[in-house]
Amino acid sequence: MNNLTRMRGKYVIAGIGHTAFGKLPGRSTVSLNTEACRNALLDAGINKDAVNALFVKVPTSARDFMYGQKLAEAMGLRPKLGGSWDQGGAANVALISHAMSSIEAGQCDVALVCYADNPRSGNRQVYSRPRGDDAVYGWFSTAAGYAMIQRRHMLEYGTRPEDLGLIARACRRHGSENPRAQLRAALTAEQYLASPMTLEPLRRDDTCLVSDGGAAVVIMSADHARSLGVSNPVPILGIGQGQTSAELAARDTLTSTEAEVSARTAFAMAGLAPKDIDVVQIYDCFTIAALMTLEAYGFCPKGQFGAWAAGGRLEIDGDLPMNTSGGLLSETGMPGLQLIIEGVRQMRGTANLQVSKASTCLISNQGGTMHTHGTLILGN
Amino acid sequence: MQEFPQPEITETNKPFWDGLKQGRLLFQTCPNNHRWLPARDFCPHCLSEKVSFVESSGRAKVISWVVYRTAFHDAFKDRIPYNVSLVQLEEGPRMMTNVLCDSNALEADMPLQLEIQSEGELAIARFRPVEEPKHITKVTT
């Protein structure tokens with residue numbers, strides 16, 4: 001057994017918490033984070049005094065100096081370890097990994113990992129910002145980078161809008177049944193194709209929501225969870241990361257990323273393969289991101305997504321239900337911690353759309369324009 | 001009308017922007033013949049500090065493109081729809097640019113030639129198809 005596989009199942013997500021999703025005017029990110037963390041501690045059934053690490057992903061739209069310490073102050077915590085971390089939407093998995101490593105190294109015992117932001121009622125300029133000096137060509141916005149990757153995938157593999165629509169339709173169907181979802185409108189193939197293209201080849205319905213909200217998880221060892229009497233801990237079977245890092249023009253390819261490395265690490269740690277996974281929560285900021293993640297992980301042969309996913313494979317009654325609470329396209333556009341929370345619910349058997357007899361759930365996180373990637377595999 | 005977006009000109013990238021004003025598109029190289037853009041103080045491959053600017057032939061091909069149908073900046077309001085294209089220079093480095101043709105005529109690997117254009121005081125590297133586009137694919141939306 002190596003260092004990686006020795007960690008299999010040794011750490012758990014002991015508690016989950018979140019705020020309402022959607023438009024929450026007047027709420028600061030500190031307030032949203034505090035609510036999410038309080039709810040996660042309540043869910044774990046532990047007192048805040050048990051927490052000695054606080055890791056927070058920097059709020060995307062409202063960056064702040066020494067943010068981790070401001071949040072600790074608001075919660076009356078004096079953690080041994082803490083701070084805010086920036087690597088886009090893969091930060092959640094990264095911070096869970098940091099928490100596990102820190103606990104393993106004896107530096108702390110219980111870590112809160114959290115995220116909150118308020119771009120919907122606040123400032124969403126971050127998503128339409130100029131992209132460095134390339135703004136002279138009119139290169140603006142987060143969406144444009146995904147549009148560029150999607151076009152190249154269409155050119156290399158013949159990927160069709162209808163194929164990407166299968167992802168949007170699965171997420172929207174699941175979100176339509178989630179009472180907490182921000183967008184509760186199922187989507188037909190015709191509606192998807194009729195969705196406006198403001199940044200070709202992206203359609204509006206390829207694009208995630210902009211949302212206010214917060215989410216948090218509590219990380220500790222399985223042993224510690226037993227000693228604290230945590231009622232419903234969910235074991236972490238595998239975790240991995242990879243960072244493509246470069247801007248699009250500095251990449252050799254647009255259609256492969258370090259998601260492959262991230263998944264390989266997580267599957268190796270878990271001792272599992274794609275065929276062993278019962279349900280997935282795949283980061284769907286744009287449909288192409290989810291499609292390429294399913295390819296990179298080996299669920300789907302590269303370039304054959306449309307045929308593979310046809311017939312509702314990714315829907316709740318299909319072979320590999322995806323984004324069972326609606327994902328970023330339908331539940332909330334928050335960057336990814338909500339996917340981990342839904343994974344925990346699936347493993348506890350308490351999800352709104354529960355996959356029956358699910359014993360493994362894989363979650364992907366990614367950030368920037370596929371710059372960073374994280375993979376988490378949960379069990380029960 | 002908002003002012004046209006300006007690059008952040010530094011000691012490092014000044015030769016690139018000055019080169020365009022003189023009608024030359026420059027990329028960077030190192031003694032190991034690595035080649036890249038944008039300009040840096042160290043080679044991103046071998047980390048050598050012996051970097052120099054070399055003139056590109058101006059020949060390139062299309063890798064991918066997007067078409068803006070809404071403007072994210074006032075300076076582009078009168079230009080929509082416009083394309084932003086990722087192109088690969090003959091010498092290897094890739095860069096963002098605009099291809100000067102009907103966006104519906106863009107194709108993968110389409111051969112391009114540099115065309116430097118002025119935007120006020122600024123000179124910008126854009127590209128034009130080498131041949132008249134053979135066909136225009138109508139986009140059905």
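Biologist: Which residue in strand 6 of chain A is the bridge partner of Ile13(A)?

Modeller: Strands of a sheet pair through backbone hydrogen bonds, either parallel or antiparallel. In this structure, Ile13(A) has Ile219(A) of strand 6 of chain A as its bridge partner. Strand 1 and strand 6 of chain A run antiparallel and are joined by 7 bridges. Two strands count as paired if DSSP finds at least two bridges between them, and helices (H or I, at least four residues) and strands (E, at least two) are DSSP runs numbered from the N terminus. Please note that this is a predicted model, in which local features need pLDDT of at least 70 and side-chain atom pairs count only at pLDDT 80 or more, while totals for chains, interfaces and linings use all residues. Residues are numbered from 1 along each chain as its sequence is written, and chains are lettered from A and ligands numbered from 1 in the order in which they are written.

Biologist: In what order do the strands of this sheet of chain A stand?

Modeller: The order is 3-2-4-6-1-7-10-9-8, in an open sheet of 9 strands with mixed pairing. At the edges stand strand 3 (81-85) and strand 8 (279-281) of chain A; each has a single partner strand, so one side of each is left without a neighbour in the sheet. On average, neighbouring strands of this sheet are turned by 25° against each other, direction ignored.

Biologist: Is Val280(A) buried or exposed?

Modeller: A residue is buried if 20 or more other C-beta atoms lie within 10 Å of its own, exposed if 12 or fewer, and partly exposed in between, with C-beta atoms placed from the backbone. Val280(A) has 27 other C-beta atoms within 10 Å and is therefore buried. Val280(A) belongs to strand 8 of chain A. Leaving aside residues up to four places away in sequence, Val280(A) touches Leu320(A), Met322(A), Cys361(A) and Leu362(A); contact here requires C-beta atoms, placed from the backbone, within 7 Å. Ala307(A) is 27 residues from Val280(A) along the chain, and their C-alpha atoms are separated by 19 Å.

Biologist: Why is helix 2 of chain A described as largely enclosed by the rest of the structure?

Modeller: The description applies because 12 of the 16 residues of helix 2 of chain A are buried. Among them are Val30(A), Leu32(A), Cys37(A) and Leu41(A). The buried residues of this helix pack against strand 1 (11-18), strand 2 (53-57), helix 3 (67-74), strand 4 (111-117) and strand 6 (213-221) of chain A. Helix 2 of chain A covers residues 29-44 and reaches 22 Å from its first C-alpha to its last, close to the 22 Å expected; the expected span is 1.5 Å times one less than the number of residues. Just after the helix, Gly45(A) takes a positive phi of about 75°.

Biologist: At what angle do helix 5 and helix 10 of chain A pack?

Modeller: Two packed helices are described by the angle between their axes and the distance between the axes. Helix 5 (residues 142-157) and helix 10 (residues 287-296) of chain A pack at about 50°, with axes 9 Å apart. Axes are lines fitted to C-alpha atoms, for helices over the stretch in contact, and angles run from 0 to 180 degrees between N-to-C directions. The two helices are therefore oblique to each other; angles under 35 degrees count as roughly parallel, over 145 as roughly antiparallel, 65 to 115 as roughly perpendicular and the rest as oblique. Tyr146(A), Ile149(A), Gln150(A) and His153(A) of helix 5 meet Ile288(A), Ala289(A) and Met292(A) of helix 10.

Biologist: How does helix 6 of chain A pack with helix 10 of chain A?

Modeller: Helix 6 (residues 161-176) and helix 10 of chain A pack at about 100°, with axes 9 Å apart. That angle makes helix 6 of chain A roughly perpendicular to helix 10 of chain A. The residues in contact include Leu164(A) and Ile167(A) of helix 6 and Thr287(A) and Leu291(A) of helix 10.

Biologist: How many residues does each chain give to the contact of chain A with chain B?

Modeller: Chain A gives 24 residues and chain B gives 30. Helix 5 of chain A gives the most to its side, with 6 residues.

Biologist: What elements does chain B have?

Modeller: Chain B has 1 helix and 8 strands. Of its 141 residues, 29% count as buried. In chain B, 3 strands form an open sheet in the order 2-1-3, with antiparallel pairing. Strand 1 (residues 26-29) of chain B is joined to strand 3 of chain B by 4 bridges, and Leu26(B) has Glu55(B) of strand 3 as its bridge partner.

Conventions:
Two residues are in contact if their C-beta atoms, placed from the backbone, lie within 7 Å.
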